[in-house]
Amino acid sequence: MAIGTKVSVGVIVAASSLANCRTTLSLVQFHLPLLRPRLPSAGPLHNLPLAHVSNLIKSGYCIQTSQEKNNYTRSCKQRAFFGDGGLELHDAGATALVVAGAYTLVSTFDKLTSANLIQQNLSRKLVHILSGLLFMASWPMFSTSTGARYFASLVPLINCLRLIVYGLSLAKDEGLVNSVTREGKPEELLRGPLYYVMILILSAIFFWRDSPVGVVSVSMMCGGDGIADIMGRRFGSLKLPYNQQKSWAGSLSMFVFGFLISIGMLYYFSALGCFQLDWSCTIQRVALVSLVATLVESLPTTGIVDDNISVPIASMVTAFLSFGY
């Protein structure tokens with residue numbers, strides 16, 4: 001057979017999941033020139049210049065997964081519109097828009113609290129729930145460039161700097177303090193709220209929209225823990241035997257809403273082609289993460305470690321061990 005002749009090669013990719021989950025097999029067909037030198041690793045296909053990608057495809061490079069196809073198609077559209085150097089401008093614009101949205105969200109709840117239309121504790125928790133979830137939901141607004149995640153992380157980073165400035169009383173912002181603290185003290189900004197935005201930065205940079213791990217972790221911290229506090233305050237008369245500061249209603253809400261919000265956000269990113277999931281196994285994995293996060297949140301460790309650290313870190317570890325990426 002001639003050296004330039006292309007042969008059809010089948011690659012079987014096996015993905016194993018949790019116990020009781022059957023191993024799933026998918027057969028991917030692609031063409032590879034016989035005895036042609038192996039292509040150098042150059043990172044994800046959608047991060048390469050279009051001319052380079054075109055040459056790779058002509059040389060026999062294949063787009064093997066639907067996720068890679070979606071990323072490549074989206075990248076082509078973005079680069080055709082903005083040009084190779086315009087993606088940074090696109091991401092800068094998306095960053096500015098999300099920063100403005102975050103500021104508007106906090107300002108809105110500050111005005112509602114000041115007008116006595118909503119209690120401070122409820123306002124604080126609604127900001128806790130919505131700000132992280134809306135920030136994560138904004139990730140698809142950013143481009144497919146490698147620097148997109150860093151542009152997105154500027155949003156919580158800016159909030160992080162604000163919390164430090166106002167938490168150290170270098171400047172005053174009573175609206176911010178009243179919206180995100182328990183007792184209305186500036187120094188509280190340097191604890192729970194600061195840990196919260198640091199987790200958002202960590203999730204954006206290290207996991208981004210390519211991995212279910214960050215999505216599930218942020219969902220558990222924002223949705224699960226946030227709703228647990230609201231439900232626990234309203235219906236938490238029956239306390240846990242090993243922690244009188246936590247209730248059965250709060251822990252049950254943590255598990256149920258953490259699970260549902262995580263599944264909803266995973267479906268959102270999956271529908272946009274960010275990753276592919278085996279849903280029968282994904283439900284089991286998310287249930288396991290929700291259970292672990294609920295147990296961690298229920299422990300009497302509030303004075304030792306903040307829930308905004310313990311819950312997302314426990315969720316990240318469990319999700320990473322379950323999903324594997």
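Leaving aside its neighbours within four places in sequence, which residues is Asp 110 in contact with?

Reply: Bear in mind that this is a predicted model. Once neighbours within four places in sequence are set aside, Asp 110 is in contact with Gly 175 and Ser 179. Asp 110 itself sits in helix H3, which covers residues 87-114. Asp 110 is buried, yet it has no salt bridge. The nearest side chain of opposite charge belongs to Lys 111, and that is 7.5 Å away, while a salt bridge calls for a nitrogen within 4 Å of a carboxyl oxygen.

Now for the charges that do find a partner. The count comes to 6 salt bridges. One of them joins Asp 210 to Arg 149, with the closest N and O atoms 3.4 Å apart. Asp 210 lies in the loop between helix H7 (192-206) and H8, and Arg 149 in helix H5 (residues 148-167), so this pair ties together parts that are 61 residues apart in sequence.

Next comes Lys 246, which takes part in a network of salt bridges with Glu 297 and Asp 307. The side chains of Glu 297 and Lys 246 meet at 2.9 Å, N to O. That pair links distant parts of the chain, with Glu 297 in helix H10 (residues 279-298) and Lys 246 in strand S4 (residues 243-247), 51 residues apart. Glu 297 is buried, with a relative accessible area of 6%, and Lys 246 is buried too, at 14%. Asp 307 also forms a salt bridge with Lys 246, its closest N and O atoms being 3.2 Å apart. Asp 307 lies in helix H11 (residues 307-323) and Lys 246 in strand S4, so this pair ties together parts that are 61 residues apart in sequence. Asp 307, like Lys 246, is buried.

The largest nonpolar core has 58 residues, of which Met 136, Trp 139, Leu 266 and Phe 269 touch the most other members. Helix H8 (residues 212-235) supplies the largest share of this core, 9 residues. Not counting residues up to four places away in sequence, Trp 139 touches Ala 152, Ser 203, Ala 204, Trp 208, Arg 209 and Phe 269.

Definitions and conventions
Residues are numbered from 1 along each chain as its sequence is written. This is a predicted model: local features need pLDDT of at least 70, side-chain atom pairs count only at pLDDT 80 or more; totals for chains, interfaces and linings use all residues. Side-chain values use heavy atoms; hydrogens and water are left out. Helices (H or I, at least four residues) and strands (E, at least two) are DSSP runs, numbered from the N terminus. Buried means under 20% relative accessible area, exposed over 50%, partly exposed in between (1.4 Å probe, protein chains only). Lys and Arg count as positive and Asp and Glu as negative; His and the chain ends are not counted. Contact means heavy atoms within 4.5 Å. A nonpolar core is a set of buried Ala, Val, Leu, Ile, Met, Phe, Trp, Tyr and Cys residues joined through side-chain atoms within 4.5 Å.
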